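Trainee: I want to learn how to read a ligand site. Where do I start?

Mentor: Start with single contacts, then widen the view.

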Amino acid sequence: MAVVFERPKSLCDVRLHYCAGCTHGIIHRLVAEVIDEMGIEGTTVGVCPVGCSVFAYNYFNCDMIEAPHGRAPAVATGVKRARPDLNVFTYQGDGDLAAIGTAETVHAATRGENIAIIFVNNGTYGMTGGQMAPTTLPGQVTTTSPYGRNPKTAGYPVHVCEMLSTLDGTALAVRTAVDTVPHIREQRR
Ligand SMILES: Cc1ncc(C[n+]2csc(CCOP(=O)(O)OP(=O)(O)O)c2C)c(N)n1
């Protein structure tokens, strides 16, 4: 019988701790599928953030490093420069990447570091209870903006892809979504 669906080898056979409806599981799977497809599981190193995906090192079947509070691009830079033969990726939320880690993100991009950054933007600080994040949209309700984000007092959201795409060192900056099957397919591509 033909196998039509199976767990990627690069995803550990353990239960994910994410809440129902969270898309970290989908995105983990996509990353693992691509690692499998490229045959790079033995040469891949991932760097995890703070936030809900802080435990991503339990889920990927490759070498993983924990670098919380937005420092993942800096740690990934060190790994890639010391071992250019490795494939290095970071996996970060919007609180981690676009708030406390803005500087590391921008400077790794502008230096043109040869790493991949998987930026999971859910528009809130998920792990700590859904507070307003730098990427929260105007009018979006969060636990700290119960009447919706007001740009007059909370400022406007940071458009991370647009910001990074202005930098000469950025090789590729793409925004995709995982809310529908076509979007998931697009994201994988
Ligand atoms: C300096 C500091 N401030 C606040 C926190 C608390 N904290 C832990 S995770 C997190 C939010 C992470 O949100 P995000 O990166 O968007 O990831 P998500 O949980 O939504 O996947 C915060 C504020 C912290 N750990 N350190």
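Mentor: This is a predicted model. A backbone N or O atom of G95 lies 2.9 Å from an oxygen atom of the ligand.

Trainee: Which part of H24 provides the N or O atom, side chain or backbone?

Mentor: The side chain of H24 provides it, 3.0 Å from an oxygen atom of the ligand.

Trainee: How much of the ligand's accessible area does the protein cover?

Mentor: The ligand on its own has 590 Å² of accessible area, and the protein covers 73% of that.

Trainee: Now the shell. Which residues come nearest to the ligand?

Mentor: There are 16 residues around the ligand, and C52, G95, D96, G126 and M127 come nearest. By class, the shell holds five nonpolar, nine polar and two charged residues.

Trainee: Which element gives the largest share of that shell?

Mentor: That is α3, with four residues. Both α3 and β5 supply at least two residues each.

Trainee: Next, the pocket. Which pocket does the ligand take up?

Mentor: The ligand takes the space of the second largest pocket. That pocket holds about 330 Å³ of space.

Trainee: How many residues line the second largest pocket, and which lie nearest its centre?

Mentor: The lining has 21 residues, with G51, C52, Y125, G126 and M127 nearest the centre. Elements giving two or more residues to this lining are β3 (87–93), α3 (94–100) and β5 (124–125). The largest share of the lining, five residues, is from α3.

Trainee: How do the residues of the lining divide by class?

Mentor: The lining of the second largest pocket has nine nonpolar, ten polar and two charged residues.

Conventions
Residues numbered from 1 in each chain as written. Predicted model: local features only at pLDDT ≥ 70, side-chain atom pairs only at ≥ 80, totals over all residues. Heavy atoms only, no water. 1 Å grid on protein atoms, 1.4 Å probe; cavity = no way out; pocket = protein on both sides within 12 Å on 5 of 7 lines; lining within 4 Å. Points joined across faces, edges and corners; volume = space filled by probe spheres on them. Nonpolar A, V, L, I, M, F, W, Y, C, P; charged D, E, K, R; others polar. Near = heavy atom within 4 Å. Polar contact = N/O pair within 3.5 Å; in protein donor to acceptor, adjacent residues only side chain to side chain. Areas by Shrake-Rupley, 256 points an atom, 1.4 Å probe, with all protein chains shown as cover. Sits in = over half its atoms within 2 Å of the grid points.
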